[in-house]
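Please look over the sequence and the fold below before reading on. The questions that follow go from the chain as a whole to its sheet and then to its ligand.

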Amino acid sequence: MDGMGKREVEVSSSTRQEAQASIDGLYRSAWTLSALTIALERGIIAALSAPASAAELASRQGLSADLVSSVLDVLAAANLVTTEGDRYAAAPGFGELAQSEFLLADLRATLGANRELIVAAQTRNQVIGGWRTSDPIAVEAQGTVSTFVTRRLITEIFPALDGLDARLRADGAAALDVGAGAAGIPITLCRHYPRLRVVAIEPATSAMAIARRRVGDAELSDRIELREHTGEAISDHAAYDFIYIAQMFFPEAAVDGAFGAAVRALKPGGYLVTGAACSPGAGLVEAVSRLRSVAWSGAVRSAAEVMSRLTAAGLSEVRPGPAYGALQWIVGRRSA
Ligand SMILES: C[S@@+](CC[C@H](N)C(=O)[O-])C[C@H]1O[C@@H](n2cnc3c(N)ncnc32)[C@H](O)[C@@H]1O
């Protein structure tokens, strides 16, 4: 008997069954996530504002009744959809969540990042992890997620940053978004602060093309300047009242250079905000946050590490802000 066969015999049958049951549960989760995505992508949930049968929904949405019923049966088993006879309805909480653009954007971004990781793993000699911009749906979706995140930034973080709101409303107000992706942050900031001008730095040409289209669609091309280069190459000095830096998507080698350049680019008394999206700890939530961090940046950088590297880059008053899900905000200021 070879070594592998011997190990198999030694594994107790209950352990093996438990492992198989866990894996079966993961398969069901994967299929359920697909059902959720299909239902949102094809407007099935939006069409469920009033109870309807699979046949009615199918003809309304131009889909097959078998597809609609199988998707909705999975969602019903997951308690997201209720059934009465042959009619389906969105469960109240889910109906509310599904109305927001956030849910579908978050699904697209999450599935896109997972696909990139898996494709890299299946491609010999390819580095696994690090943000990639080859999937325009995921890039744009991350921009939509950023829109929601920025609204929270404005309502939950800015009020605690002394004088920032007034600075961003003043004539000559300027902000910098480093790692702007699809420009969700500059667009949301400009809509909230009517006098603000934003410079958006993004090194990826494909993401930049999406950002340019979105900024144009938002009619903000005169207030948002898009620059295609890395954060390390920022050469502005004392130019911005506020800087956001998406360090959780930066490769390790870029971080200190980008932090240093960003700190130099802050006006005296200006604020810098970033986030750390991974947590220490043995639980699945924390472990997944670290895997996602590797998917986004190729590395795991804790909030404590990010804060000490920002301090080393010359930022003052560096401290943790509130947490938003797995995202730990970090704020700092350039001394006046
Ligand atoms: C995914 S975006 C964050 C989401 C973004 N706020 C939006 O609205 O789409 C982060 C970006 O950081 C960019 N990035 C990676 N390395 C960078 C670096 N060294 N300097 C600046 N940006 C970088 C990536 O290309 C990516 O587009």
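Q: What percentage of the 336 residues of the chain count as buried?
A: This is a predicted model, in which local features need pLDDT of at least 70 and side-chain atom pairs count only at pLDDT 80 or more, while totals for chains, interfaces and linings use all residues. Residues are numbered from 1 along each chain as its sequence is written. A residue is buried if 20 or more other C-beta atoms, placed from the backbone, lie within 10 Å of its own. Of the 336 residues of the chain, the share that counts as buried is 36%.

Q: What distance separates the centres of domain 1 and domain 2?
A: The domain assignment, whose bounds come from an automatic or database source, gives domain 1 as 3-99 and domain 2 as 136-333. Taken over C-alpha atoms, the centres of domain 1 and domain 2 are separated by 35 Å.

Q: Which strands stand at the edges of the sheet?
A: Strands here are DSSP runs of E with at least two residues, helices are runs of H or I with at least four, and both are numbered from the N terminus; two strands pair if DSSP finds at least two bridges between them. The open sheet has 7 strands in the order E6-E5-E4-E7-E8-E10-E9, with mixed pairing. Each edge strand has a single partner strand, so one side of each is left without a neighbour in the sheet, and these are strands E6 (224-227) and E9 (316-324).

Q: Which residue in E6 does Val198 stand opposite?
A: Strand E5 covers residues 197-201 and pairs with E6 in the parallel sense over 4 bridges. Opposite Val198, the residue in E6 is Ile224.

Q: At about what angle does H9 run to E5?
A: Angles run from 0 to 180 degrees between N-to-C directions, and axes are lines fitted to C-alpha atoms, for helices over the stretch in contact, where contact requires C-beta atoms, placed from the backbone, within 7 Å. Helix H9 lies across strand E4 (174-178), E5, E6 and strand E7 (240-245), and its angle to E5 is about 175 degrees.

Q: Which helix supplies the largest share of the shell around the ligand?
A: Of the 26 residues around the ligand, Ser146, Gly179, Gly181, Gly184 and Ala254 come nearest, a residue being near if its C-beta atom, placed from the backbone, lies within 6 Å. Helices H7 (136-157), H9 (184-192) and H11 (252-265) each supply at least two residues of this shell. The largest share, 3 residues, comes from H7.

Conventions
A residue is buried if 20 or more other C-beta atoms lie within 10 Å of its own, exposed if 12 or fewer, and partly exposed in between; C-beta atoms are placed from the backbone. Two residues are in contact if their C-beta atoms, placed from the backbone, lie within 7 Å.
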